[in-house]
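The structure is shown first, and the description follows.

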Amino acid sequence: MKIIQAYKEAGKEWEYFQKKAMLKNPLVLVFGNRYLLEKLEVIDDIRKEFPYEDIVFGSTSGEIICCNVNDESISVTAIELENSSFIVKRENILDFDKNAKELGEALYDKMPKENLKHLFVLSEGSFVNGSSLINGLETNIDANLSITGGMCGDDARFEKTLASYKENPKEGEVILIGFYGATLEVSYASFGGWIPFGPERIITKAEGNILYEIDGHPALDLYKKYLGDKSNELPQASLLYPLNVTPDGKKDPVVRTILNINNEDQSMILAGDAPVNSRVQLMMASVDGIAQGAQTAAKLAMNNRKSKPELALLVSCIGRKLVMNQRVEEEVEQVREVVGERVPMAGFYSYGEMAPFNGSTSCELHNQTMTLTLISE
């Protein structure tokens, strides 16, 4: 595997982490600030600097490259696979009347299955229901096939996100990257480091990712009581106080970010499903707890690997970034210490992370986690 990485801040020149060189038919991952990805001159500059066919674009809430976390920048990771291969497919949620499950089924059906080892998803993050998307992708999936990835971001604005494959970035795109090869090794993990607090309650009314009632009371009203004065800062303040949701019949909880609120019906729009009869608790975090969570994720991803990773893809949550603030690079450094100083790292801060629980291949939508995908040929 050959990798070339570079980043560019607005108005500055490209900065490379390896010696600049041409690669043979690489997969090019471009993560960047949404405002920059909307500028044609920026896209033209990227295509000129990286004149390759297979370019995947995604907007972010912060770009991860090496041990740096950048804002208002473009980061590029070009990956030449030498002993394996990749195939990229795309669909647009607007062509499916915003039905993410149907899109997921259609997208998976398009992907050739022979020697398929792993799927990496880069999804629109504003109005795609990530849980439904995963359900669609897994409807006809092989039990041994794993999925990881994330939802695109837009800093803390939550206005719109962009993604694309080959075309210029646009709204509604869901990109699926398939990795193929007999010797390909992919490991993954997801971990948060957030701490539940307060009583455990029951979700009594919800539809998909819209939460209406907890213990028979309006969800937003109950949430505001816990937040106190911070409720005036909703929905941004909710990134610092996500929900710990354990669906009925499952032992492993998932964290759910509140993306938006509806004061009229006292509901909360979450970044993923929160089924009726799920147990739910509020959560909070410290900077040290989040950094430790990233280290735990890296250790879980490194467990039982046969070979050293050659690439680490990191998807972390915008909520973690807001809590850590100026110390945000500490969680990336924790990952690097575990996976290895020389392993190229790339990724972004997201509106939702996708990965199975440890020891499983069944994918889940997570919020507020550090999610890792480690790849070697």
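In which sense do strand 5 and strand 23 pair, and over how many bridges? Strand 5 (residues 63-65) and strand 23 (residues 345-350) pair in the antiparallel sense over 3 bridges. Helices (H or I, at least four residues) and strands (E, at least two) are DSSP runs, numbered from the N terminus, and two strands pair if DSSP finds at least two bridges between them. Isoleucine 65 has alanine 346 in strand 23 as its bridge partner.

The model is predicted: local features need pLDDT of at least 70, side-chain atom pairs count only at pLDDT 80 or more, and totals for chains, interfaces and linings use all residues. Residues are numbered from 1 along each chain as its sequence is written, and side-chain values use heavy atoms, with hydrogens and water left out.

The open sheet consists of 6 strands in the order 6-5-23-22-26-13, with mixed pairing. Strand 6 (68-70) and strand 13 (185-191) are at the edges, each with a single partner strand, so one side of each has no neighbour in the sheet. From one strand to the next, the twist averages 15 degrees.

Two helices are listed below with their angles, which run from 0 to 180 degrees between N-to-C directions of axes fitted to C-alpha atoms, for helices over the stretch in contact; contact means heavy atoms within 4.5 Å.

| Helix | Angle |
|---|---|
| Helix 6 (residues 287-302) | about 150 degrees to strand 13 |
| Helix 8 (residues 329-339) | about 145 degrees with strand 23 |

Glycine 359 is found in the loop between strand 24 (352-356) and strand 25 (363-366).
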